[in-house]
Amino acid sequence: MEGSMLTISFGNWMELPGLKFKDWASSKRRNLKGDRVMPEEIARYYKHYVKVMGLQKNFRENTYITSVSRLYRDQDDSDSQDRDISTEHLQIEKSKFVKRNWEIRGYQQITDGSPVPFCLFAENVALATGTLDSPAHLEVEGEDFPFVFHSMPEFGTAISKGKFHGKVDPVLIVGSGLTAADAVLCAYNSNIPVIHVFRRRVTDASLIFKQLPKKLYPEYHKVYHMMCTQSYSADSNLLPDYTSFPEHHVLSFMSDMKCVLQSVSGLKKIFKLSAAVVLIGSHPNLSFLKEQGCYLGHNSSQPITCKNNPVEIDAYTYECVKEANLFALGPLVGDNFVRFLKGGALGVTRCLAVRQKKHCQLSIL
């Protein structure tokens, strides 16, 4: 993310037990101008937290998971090969490996870049992958041209490398969420003209800007103000810095860096671009789970998405409703902000602590 961007959550909302964020910032001589902070500051705080709390042994960096599979299932939910094993034998094996509910396979990239495979077993697994793995696409013609980006880092890198220096053609930004607003601000602050396209009306009550207090989030309300007051009309030209296209969608991209926009009424318009940035959401990569993890969602026939089909969990324990000993938290269950991770982590931890306590009591008996 660009260095000028600030987190949605306040810094102290995202701090962890035992180390206040403001105390850490003061010790690093970092000047906090307000309650919101830059994302890289939070990232540095979390890295320092792991070190100061002696948690390095609990982390494995540069690790990629390729498979998370249950070792044993009940007879009515077993694979065909399990059906050949007698129920009695299966129960004996289960008792032997009661803590080996899951087999996790993957690889870790070492310093020279070569992969080192591993396999480990776990009683419980918590999914906290987020949903940024696979950016959503418009699925229109020409979207795979190299001038079409699908993430803020791609766009930010292009700006930092001076790829838009001296160009007068606008950048097309598609989307009406906060990430799209970040891209608008990034381009606007870099003196790059913007065409901002989104399907909704500016009066749509579900727009995220309407949920943010103006005093705390002035930059996003600046974007929303432009969306409302600097919209395109058929009898006028593009504005020099920013023009919004409410209730429009992209029909196609062309190889000569042009795009075709269509209004809700069917009117089409062609514009020459410097680049296009499509920021309409993203999906998690759960390829390491069976059925890509779809079976865990509220609607098992659809992919897992943060808004429309999150992982179905118990509201208190964060355990997956459709898979025992598997937990999920964060955007996978619809909790979009970093600060919500603490609640999810606490719910999982409390559940595991209660179960461990019960297990110890049974062992004593």
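Predicted model: local features only at pLDDT ≥ 70, side-chain atom pairs only at ≥ 80, totals over all residues.
Colleague: Noted. In what sense do E7 and E13 pair, and over how many bridges?

Modeller: Parallel, over four bridges. E13 covers residues 275–278.

Colleague: Where does E13 sit in its sheet?

Modeller: The sheet is open and has five strands, in the order E6-E13-E7-E8-E9. The pairing is parallel.

Colleague: How many bridges join E6 and E13?

Modeller: Two, in the parallel sense. Phenylalanine 149 stands opposite valine 277 of E13.

Colleague: Back to E7. Which way do its side chains point, and are they buried or exposed?

Modeller: Val171 and Ile173 point one way, Leu172 and Val174 the other. All of them are buried.

Colleague: What does H5 pack against? Start with H6: at what angle do the axes cross?

Modeller: Roughly 85°, with the axes coming within 10 Å. H6 is residues 218–229. The range for roughly perpendicular is 65 to 115 degrees, so H5 and H6 fall in that class.

Colleague: Which residues meet there?

Modeller: From H5, the list is Leu178, Ala181, Asp182, Val184, Leu185 and Tyr188. They meet Glu219, Tyr220, Lys222, Val223 and Met226 of H6.

Colleague: And H4 against H5? What angle there?

Modeller: About 5°, with the axes 11 Å apart. That makes H4 and H5 roughly parallel. In H4, Met152, Phe155 and Ile159 meet Thr179, Asp182, Ala183, Cys186 and Ala187 of H5.

Colleague: Switching to electrostatics. How many salt bridges does the structure hold?

Modeller: Eight. One of them joins lysine 272 and aspartate 169, at 3.9 Å from N to O. Lysine 272 is in E12 (residues 268–272), and aspartate 169 is in the loop between H4 (152–160) and E7 (171–174). The two residues are 103 apart, so this pair links distant parts of the chain.

Colleague: What about arginine 70? Which residue does its side chain meet?

Modeller: Glutamate 323, in a salt bridge of 3.1 Å, N to O. Arginine 70 lies in E1 (residues 63–70) and glutamate 323 in the loop between E14 (282–283) and E15 (326–328), so the pair ties together parts 253 residues apart in sequence. Arginine 70 and glutamate 323 are both buried.

Colleague: Now arginine 44 and glutamate 41. Where do they lie?

Modeller: Both are in helix H2, residues 39–52. They are three residues apart, about one turn of the helix. Arginine 44 is partly exposed, with 38% relative accessibility. Glutamate 41 has 8% and counts as buried.

Colleague: New topic: leucine 120. Which strand is it in, and what does it touch?

Modeller: Leucine 120 is in E3, residues 115–122. Leaving aside residues up to four places away in sequence, leucine 120 touches Trp102, Glu103 and Ile104. Leucine 120 is partly exposed, with a relative accessible area of 39%.

Colleague: How far is its C-alpha from that of valine 68?

Modeller: 9.8 Å. Leucine 120 and valine 68 are 52 residues apart along the chain.

Colleague: Last one, the overall tally. How many helices and strands?

Modeller: Seven helices and 15 strands. The chain has 365 residues, and 40% of them count as buried. Among contacts between residues at least 6 apart in sequence, 60% join residues at least 24 apart.

Notes
Residues numbered from 1 in each chain as written. Heavy atoms only, no water. Salt bridge = Lys/Arg side-chain N within 4 Å of Asp/Glu carboxyl O. Buried < 20%, exposed > 50% of the residue type's maximum accessible area, 1.4 Å probe, protein only. Pairing = 2+ DSSP bridges. Axes fitted to C-alpha atoms, helices over the stretch in contact; angles between N-to-C directions. Parallel < 35°, antiparallel > 145°, perpendicular 65-115°, else oblique. Contact = heavy atoms within 4.5 Å.
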